[in-house]
Amino acid sequence: MNGQHQIPQDEDTQLQVIKNILLTGTNKDLGEIKDILAKKDQLSHHIDPVLEDKILYIKENFDKIFGNEVDMLVDKRLAESPEQLLAIISPMLGRLIKKYIAHQFQMLRENIDQNIKQATSSQGVMGRIKAQLFGIKSSDIILSNVDAIVIKEIYVIKRHSGLVMGSYSIDNTIDRDMIGGMLTAIKAFVEDAITDEEGKGEELEMIQYGNYKIFIQNFYNYYIAVVMSGTISSAHRNDLSDKMISFAERELSTLSPKEIATNDDMISHKLKEYFS
Amino acid sequence: MISKKVILTGSFGVGKTSLFNQFVYSRFSDKYLTTIGVKVNKKVIKVKDRDLSILLWDIAGEVSQDKVPVSYFLGASGIIYVFDLTRPTTHKNIAEDIEYLKGLLPDGVVKIVGNKSDLLGKDQIEKVVADMPLHCDVITSAKTGDNVEELFQVIGSELIDL
Ligand SMILES: Nc1nc2c(ncn2[C@@H]2O[C@H](COP(=O)(O)OP(=O)(O)OP(=O)(O)O)[C@@H](O)[C@H]2O)c(=O)[nH]1
Ligand SMILES: [Mg+2]
């Protein structure tokens, strides 16, 4: 039978043929894979730096490249659920605005304090004349004069219980234990009511009613409250705060909590010495 | 003089403010004005021949004690937990409430008070108290003043030696 495939007779040749049939393809494939791998390795050598460059470029020019898309996305989101975005943005805005206003106020106050200092010092005589020339009433300048300030009462109050550990009062008209208790209760109420991110951990520092102000300086185991009347500038507030801190340092920090709680007369006497 | 902070707590409308007013001013009103925030008052009582100044904090009632701002309890030596003998809902959480309060003030004195005794008969009161999971320390009426002085004597005598 011509043209028909001759099957080799001896076993060795037969095996070789089977091997060839089975393995040639695989060998070829393996070779190709090896090739590709080598090329890939080579390729990545070339491509990686380029890719990195590209990523960096995108990073740096993100808004130029995707700005429009992002804007559109934000617009879309904003239109879909404005509350959600506002909720995220508003505390940030609030804090910024608050900071800005507080800063502006501080500058304004300092300016006024500075002006008053100048107007009332001997070198400020020219300033005063100028002020009169320009129609500023001297009463406006004297408005925040120091004399009007009167310290009415001072209390050293135990932090949580509100028990009074020492006090000084110029006219002794109110029950000091009630004041200590109520002040502490108000503090606790306010501090507890404001528990958002910004208010957390903050403490009440001032209460104002009419011409009266209660300044509170908080310490670890107790706080000092000063009741004052009169026009009080930020500079005075600052001085007072310094005074309260130095009083605490000098007179109270050496005492144990127990000693502070049981030395009412001594603390009251010191308060009088220090603040009157 | 020894001063101690004592806080009146419990659900709303149980008569905390009424007990406070009866104790401090010896007066009672039928009107219900719910307390907002805190009111502090003081009364000096004689305990074991010594003067004890009680600074009494009257707070807004809450159905469950863990809703009360923790800072109100801090620094307190005593807690008076008031419930209304006529309203079971005011003592249904009592076990959890008392456990929570004792956790807040491990060294504090806690007293459980059933109020409005004037509205129920003796038998009814006994039944209410017997069905509760905890022992009720004092049964009061802020309206008639019954046992109000006694309540503060009981807590005062424990506080003065604290
Ligand atoms: N009959 C009677 N009524 C009482 C008694 N105690 C309080 N009440 C009345 O119960 C109502 C609530 O009393 P309050 O003392 O305001 O209750 P409260 O616990 O302070 O309530 P909140 O401040 O809302 O937590 C008022 O109408 C009181 O007149 C009592 O002993 N007997
Ligand atoms: Mg009340």
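## Burial and surface of the two chains

A residue counts as buried when its relative accessible area is under 20%, as exposed when this is over 50%, and as partly exposed in between, with a 1.4 Å probe and protein chains only. By this rule, buried residues make up 26% of the 276 residues in chain A, while 51% of the 162 residues of chain B count as buried. The model is a predicted one, in which local features need pLDDT of at least 70 and side-chain atom pairs count only at pLDDT 80 or more, whereas totals for chains, interfaces and linings use all residues. Residues are numbered from 1 along each chain as its sequence is written, chains are lettered from A and ligands numbered from 1 in the order in which they are written, and side-chain values use heavy atoms, with hydrogens and water left out.

Accessible areas come from the Shrake-Rupley method with a 1.4 Å probe, and for residues only the protein chains shown count as cover. Chain A exposes about 20200 Å², of which carbon and sulfur atoms supply 58%; for chain B the accessible surface comes to about 7400 Å², with 53% belonging to carbon and sulfur atoms.

## Fold of each chain

Helices (H or I, at least four residues) and strands (E, at least two) are DSSP runs, numbered from the N terminus. Chain A has 9 helices and 5 strands, and its elements run α-α-α-α-α-β-β-α-β-β-β-α-α-α from the N terminus on. Chain B, with 5 helices and 6 strands, follows the pattern β-α-β-β-α-β-α-β-α-β-α along the sequence.

Taking a contact to mean heavy atoms within 4.5 Å, and considering contacts with a separation of 6 or more, residues 24 or more positions apart account for 53% of them in chain A and for 71% in chain B.

## The magnesium site in chain B

Donors are N, O and S atoms within 2.8 Å of the metal (3.2 Å for Na, K and Ca), and because water is not among the atoms, sites may look incomplete. The protein donors of the magnesium ion (ligand 2) are OG1 of B:Thr17 and OG1 of B:Thr35, which lie 1.9 to 2.0 Å from the ion. This pair links distant parts of the chain, since B:Thr17 belongs to helix 1 (residues 16-25) and B:Thr35 to the loop between helix 1 and strand 2 (38-47), 18 residues apart. B:Thr17 is partly exposed, at a relative accessible area of 25%, whereas B:Thr35 counts as buried at 16% relative accessibility.

B:Lys31 is also found in the loop between helix 1 and strand 2 of chain B, and is exposed, with a relative accessible area of 65%.

## Pocket and cavity

On a 1 Å grid over the protein atoms alone, a cavity is a set of points where a 1.4 Å probe fits but cannot get out, and a pocket is an open set with protein on both sides within 12 Å along at least five of seven lines; lining residues have an atom within 4 Å of a point. Grid points are joined across faces, edges and corners, and a volume is the space filled by probe spheres set on the points. The largest pocket has a volume of about 920 Å³, and of the 32 residues that line this pocket, A:Lys158, A:Leu163, A:Ala261, B:Ser3 and B:Lys4 are the closest to its centre. Helix 8 of chain A gives the most to the lining, with 4 residues.

The structure holds 1 cavity of 30 Å³ or more, and the residues lining the largest cavity include A:Lys158, A:Met165 and A:Tyr222.
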